[in-house]
Amino acid sequence: MHPGEQTIFALSSGRLPSAISVVRVSGSQAGPLLAALVGKIPAPRVATRALLRDAGQHPIDDALILWFPAPASATGEDVAELHLHGGRAVLAALFATLAAFPNVRPAEPGEFTRRAFENGKLDLTEAEALDDLIHADTDRQRRQALRQLKGLLGDKARDWRNQIIAASALIEAGIDFSDEADVPAELIAPALARVKALLGEIEEVLAAQGRSERLREGLVVAIAGPPNVGKSTLINQLARREVAIVSPHAGTTRDIIEVQLDLDGYPVTVIDTAGIRDAKDPVEQEGVRRAMTRAAEADLVLWLSDPQYETQPPDGGAPVWRVRNKIDLGQRVSNAVQAASSRQSGVDFEISASRGDGMAELVSALARFAGDYLGSEEGALIGRERHRQLLQAVAASLRRSVAVAGQGEELVAEELRSAAYSLGRLLGRVDVEDLLDVIFREFCVGK
């Protein structure tokens with residue numbers, strides 16, 4: 001039997017042990033399996049208490065069971081859900097019983113969602129959104145993923161595709177009736193008007209989105225600077241816990257340390273790097289090399305210095321904020337003198353990472369930068385780079401269809417077919433087999 005025709009099962013809830021575990025079963029054998037476990041198939045979509053038994057009729061657990069016959073289920077197949085106690089021995093006994101049935105096997109990562117996609121329950125944008133929702137770390141990520149799961153992009157893409165198909169039908173009708181002089185012009189003119197309007201709408205979406213798809217990955221901020229200026233103390237202060245070793249000796253940090261932050265709902269990854277200097281030790285040299293590389297790849301660099309050790313940041317593509325640390329050391333000058341000194345030296349922020357001075361202002365500025373960089377549009381359509389690339393391909397095809405209008409209806413029709421094809425790939429309805437394994441293997445088991 002083909003793997004796609006086999007019945008699959010998996011734990012769909014959290015790590016064991018737990019108070020309650022949810023096991024999902026999907027496929028043609030879900031009904032017989034349920035009947036064998038509890039003696040009958042319960043009423044659809046009604047939670048029913050039952051005693052689960054193994055093949056020898058020995059009790060496994062007292063559980064709640066739900067039955068979702070096809071096609072009214074999450075996967076479009078017959079689905080059974082078993083809600084039982086989350087002990088390791090309980091689950092081991094149940095899984096051994098399920099696996100003993102012919103053509104029944106444990107599910108692969110993402111296999112439930114893939115079956116839902118293949119059975120028309122989800123399009124590819126919604127399947128991707130489901131994965132994003134599961135892995136959302138911040139509230140803004142959650143809201144964006146939920147909007148996509150509800151069809152924000154998928155519904156719009158289906159509407160665009162229908163409009164392109166309608167325009168293409170008019171163009172091809174003009175080709176079919178080309179022997180009647182007045183018919184092609186009457187058909188092609190409204191088709192091209194529709195194409196131009198659609199092109200304008202898609203170009204507006206592409207222009208407005210900015211970097212909204214980066215919300216999935218988040219902002220990357222690198223803390224860089226010479227040794228012993230307080231980089232590790234700063235990352236500990238931002239994380240509100242001890243994630244990096246703090247030492248008065250230079251060269252303590254030799255590898256990359258990363259911390260995930262939630263700043264006003266925006267995901268931010270802060271990287272603590274090795275102190276940048278001419279190192280003699282080979283291990284520290286490698287740490288400095290990695291620090292320079294990560295700083296160059298970051299979206300923002302916080303270049304740290306202190307009043308006794310002012311250095312200039314290296315040239316790079318990312319924006320650089322100069323942050324003067326250790327302002328609590330030595331005699332404090334007046335605020336006016338301090339501000340004037342900061343402006344003259346090009347310092348953007350003055351902080352004490354050990355005591356917390358100036359940290360509120362720095363964190364607020366980081367949150368504002370993240371909002372500007374990642375985009376704050378509540379209705380952002382584009383969630384992934386894949387979406388942007390395919391919409392750019394659609395726009396390019398529509399643009400070419402308008403440009404070749406005077407060279408023949410056949411060329412226009414071909415460009416419209418190309419645009420519709422790209423939208424089909426966006427939705428996962430044409431020629432996406434090469435993508436499916438990549439997308440669904442990122443899912444967790446049981447989803």
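Contact, as used in these legends, means heavy atoms within 4.5 Å. The model shown is predicted, so that local features need pLDDT of at least 70 and side-chain atom pairs count only at pLDDT 80 or more, while totals for chains, interfaces and linings use all residues. Residues are numbered from 1 along each chain as its sequence is written, and side-chain values use heavy atoms, with hydrogens and water left out.

**View 1. Helices H12 and H13 pack against each other.** Axes are lines fitted to C-alpha atoms, for helices over the stretch in contact, and angles run from 0 to 180 degrees between N-to-C directions. H12 is therefore roughly antiparallel to H13, where angles under 35 degrees count as roughly parallel, over 145 as roughly antiparallel, 65 to 115 as roughly perpendicular and the rest as oblique. Among the residues that meet are Leu-390, Val-394 and Leu-398 in H12, and Val-412, Leu-416 and Ala-419 in H13. The contact divides into 10 nonpolar, five polar and four charged residues, with Ala, Val, Leu, Ile, Met, Phe, Trp, Tyr, Cys and Pro counted as nonpolar, Asp, Glu, Lys and Arg as charged, and the others, Gly among them, as polar.

**View 2. An open sheet of six strands has mixed pairing.** The order of the strands is E8-E9-E7-E10-E11-E12, and two strands pair if DSSP finds at least two bridges between them. E8 and strand E12 (349-350) are the edge strands, each pairing on one side only. E7 and E9 run parallel and are joined by five bridges, and Ile-223 stands opposite Asp-272 in E9. Helix H8 packs on the sheet, touching E7, E8, E9 and E10, and its direction makes about 155° with that of E9. Helix H11 also packs on the sheet, touching E7, E8, E9, E10, E11 and E12, and its direction makes about 120° with that of E9.

**View 3. The largest nonpolar core has 32 residues.** Such a core is a set of buried Ala, Val, Leu, Ile, Met, Phe, Trp, Tyr and Cys residues joined through side-chain atoms within 4.5 Å, where buried means under 20% relative accessible area, exposed over 50%, and partly exposed in between (1.4 Å probe, protein chains only). Leu-234, Leu-302 and Trp-321 have the most contacts inside the core, to which H11 gives the most, with nine residues. Leaving aside neighbours within four places in sequence, Trp-321 is in contact with residues including Leu-302, Phe-349, Leu-362 and Phe-369.

**View 4. Strands E3 and E4 form a hairpin.** Strand E3 (residues 48-53) has a covered face, made of Thr-48, Ala-50 and Leu-52, and an uncovered one, made of Arg-49, Leu-51 and Arg-53. Six bridges join E3 to strand E4 (residues 59-68), and the two run antiparallel; the bridge partner of Thr-48 in E4 is Ile-65. Five residues lie between the strands, and Gln-57 in the turn has a positive phi of about 65°.

**View 5. Helix H4 is largely enclosed by the rest of the structure.** Nine of the 11 residues of H4 (residues 124-134) are buried, among them Leu-124, Glu-126, Glu-128, Leu-130 and Asp-132.

Technical notes:
Helices (H or I, at least four residues) and strands (E, at least two) are DSSP runs, numbered from the N terminus.
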